[in-house]
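Take a walk through this structure, one part at a time. Keep the sequence and the 3D view side by side as you read.

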Amino acid sequence: MKLPAIVHKFSSPKNFYTMSGKMIPWFMWSFLITLFAGLYYGLFVAPPDYQQGESYRIMYIHVPAAWMSMFIYMVMAISASVGLIWRIKTADLMASVSAPIGAAFTFLALVTGSLWGKPMWGTYWVWDARLTSELILLFLYLGFIALQAAIEDPRNAARAGAVLLIVGVVNIPIIHYSVEWWSTLHQGATVGKFDKPSMHISMLIPLLVMATSFKLYYAASVLMRARGEILRREQNTRWVKEVVENESK
Amino acid sequence: MTARQKRMMFVAMLVAGIGVFISLIMMALNENINHFFSPTEILEGKAPVDHSFRIGGLVVTGSVKRDPNSLRIDFDLTDGAKNYPVIYEGILPDLFREGQGIVATGIIKNNVFIAEEVLAKHDENYMPPEVADALKKSGKWSEENIEAMKHPENVPVGEGNPYPGSPASEARPAGAL
């Protein structure tokens with residue numbers, strides 16, 4: 001199976017660098033707009049919950065962060081596989097530069113969940129299937145980052161990283177279905193059930209806005225990181241020297 | 001097979017292999033991954049007898065008795081099918097109330113669960129208080145209740161009222177216990 005020529009064209013470091021530079025401001029501005037809209041509606045406009053009162057509002061950070069922790073992992077696993085199979089350097093690079101962002105979102109999901117758990121459940125932490133599998137996800141991210149740092153040659157680092165990422169993919173359905181397969185302290189899924197979500201529309205909309213906002217943040221920040229990494233890896237090529245000369249004028 | 005197809009196969013086999021491997025481990029450990037035992041499981045003798053474990057269930061409406069002179073509280077937990085008595089002495093989480101799903105850690109002494117720690121579960125339903133009141137008034141509350149009880153972890157109970165000893169109209173959504 002061959003990839004269409006356009007993929008190879010877009011993924012050449014030089015084209016990727018130029019195109020992503022044009023995309024970043026769009027992602028950044030739409031991120032900021034959705035962030036402020038989502039936070040305002042989530043924290044001030046949405047009604048309190050019938051059971052949890054005002055404390056449920058931490059959900060507007062916790063839930064999108066948890067979704068991102070799984071989403072970024074899948075993006076990394078898929079782009080690392082593409083890099084492994086089709087030998088596309090930019091795909092390897094995307095997996096590698098996504099890792100700290102994914103790890104940060106996982107950490108954020110764990111911390112906000114813990115802070116939410118204390119007033120609602122009565123504890124910061126329990127070793128139930130949902131919390132434990134999310135913690136394992138954080139370790140997968142950290143393991144990947146450490147592995148990348150330990151291998152100097154970028155091609156070998158990418159290959160070893162890809163294997164780790166593909167092995168870890170099994171954890172993603174476990175996180176998602178943990179609350180259905182086993183009895184856990186964490187409650188079941190609210191959004192993403194096949195029937196209608198068990199959340200009032202006035203609370204759901206800010207949540208979806210926040211989820212979009214986090215995705216846009218990821219898009220902007222991963223492209224920024226990728227551009228920096230491309231310049232570093234391609235520093236001896238002529239086009240990079242030209243870029244540096246033009247930008248330092 | 002080209003080198004690229006071999007690499008594709010490698011990725012596919014790795015995902016499938018790890019998937020099967022982990023599924024088998026999960027199946028073998030199923031009992032241990034569950035966070036708590038339900039009253040039915042305890043009465044069937046599945047829970048450990050001589051060391052501490054967790055019990056999970058809904059607080060039976062009308063069963064909560066507080067000792068006026070101490071922090072001691074007695075209540076029954078239900079999974080919809082069976083009830084089990086629990087004694088706890090200490091501070092309860094804010095969400096503790098009748099009909100609420102809770103998880104308690106402790107041991108069984110003389111057919112009573114002596115809890116050392118009580119944690120509250122909350123359900124996956126989010127709505128403004130006015131909507132909750134309106135649902136209760138219109139009688140739709142109990143329908144949702146049964147919907148929520150359909151989660152596989154729950155024992156399905158007699159139609160209408162999952163809480164023994166409470167009128168159906170007062171029933172609260174069960175949440176995913």
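Read chain A along its sequence and the pattern is α-α-α-α-α-α-α-α-α. That comes to nine helices and zero strands. Keep in mind that this is a predicted model. It scores ipTM 0.74 and pTM 0.84.

Look at the overall dimensions of chain A. Its C-alpha trace spans about 60 × 35 × 30 Å along the principal axes. Of its 249 residues, 42% count as buried. Now consider contacts in chain A between residues at least 6 apart in sequence: 76% of them join residues at least 24 apart.

Pick out one helix, α5(A), which covers residues 129-150. How far apart are its end C-alpha atoms? The helix has 22 residues, and at 1.5 Å a residue it should span 32 Å. The end C-alpha atoms are 31 Å apart, which agrees.

Which residues of α5(A) are buried? They are A:A129, A:R130, A:L131, A:E134, A:L137, A:L140, A:Y141 and A:F144. An α-helix has 3.6 residues a turn, so residues three or four places apart point the same way. Compare that with the spacing in the list, which includes A:L137, A:L140, A:Y141 and A:F144.

Next comes the inside. In soluble globular proteins, nonpolar side chains tend to be buried together. Here the largest nonpolar core has 60 residues, and A:M76 and A:L165 touch the most other members. Elements giving two or more residues to this core are α2 (13-45), α3, α4, α5, α6, α7 and α8 (201-233) of chain A. α3(A) gives the most, with 16 residues. Zoom in on A:M76. Leaving aside residues up to four places away in sequence, A:M76 touches A:A95, A:S98, A:A99, A:G102 and A:L165. A second, separate core has 26 residues, among them B:L58, B:V60, B:Y88 and B:A104.

Turn to the place where the chains meet. The contact takes 37 residues from chain A and 37 residues from chain B. On the side of chain B, the elements that give two or more residues are α1, β6 (112-120) and α3 (129-138). The largest share, ten residues, comes from α1(B). By type, this side of chain B divides into 22 nonpolar, eight polar and seven charged residues.

Chain B also has strands to trace. Strand β1(B), residues 53-59, runs antiparallel to β3(B), residues 72-78, and two bridges join them. B:L58 has B:T78 as its bridge partner there. Strand β2(B), residues 65-66, is also joined to β3(B) by two bridges, again antiparallel. Five residues lie between β2(B) and β3(B), which form a hairpin. β3(B) pairs with β4(B) in the antiparallel sense over seven bridges. In the hairpin of β3(B) and β4(B), four residues sit between the strands, and B:G80 takes a positive phi near 100 degrees.

How confident is the prediction for chain B? Its mean pLDDT is 77, and 77% of its residues reach 70 or more. Within chain B, confidence is highest in β4(B), at 93, and lowest in helix α4(B), at a mean of 46. Over residues 143-177 of chain B, pLDDT stays under 50. Where pLDDT is low, the predicted coordinates should not be read in detail.

Notes:
Residues are numbered from 1 along each chain as its sequence is written. Chains are lettered from A and ligands numbered from 1 in the order in which they are written. This is a predicted model: local features need pLDDT of at least 70, side-chain atom pairs count only at pLDDT 80 or more; totals for chains, interfaces and linings use all residues. The expected span of a helix is 1.5 Å times one less than its number of residues. A residue is buried if 20 or more other C-beta atoms lie within 10 Å of its own, exposed if 12 or fewer, and partly exposed in between; C-beta atoms are placed from the backbone. Two residues are in contact if their C-beta atoms, placed from the backbone, lie within 7 Å. Ala, Val, Leu, Ile, Met, Phe, Trp, Tyr, Cys and Pro count as nonpolar, Asp, Glu, Lys and Arg as charged, and the others, Gly among them, as polar. A nonpolar core is a set of buried Ala, Val, Leu, Ile, Met, Phe, Trp, Tyr and Cys residues joined through C-beta atoms within 7 Å. pLDDT is the predictor's confidence in each residue, from 0 to 100. Two strands pair if DSSP finds at least two bridges between them.
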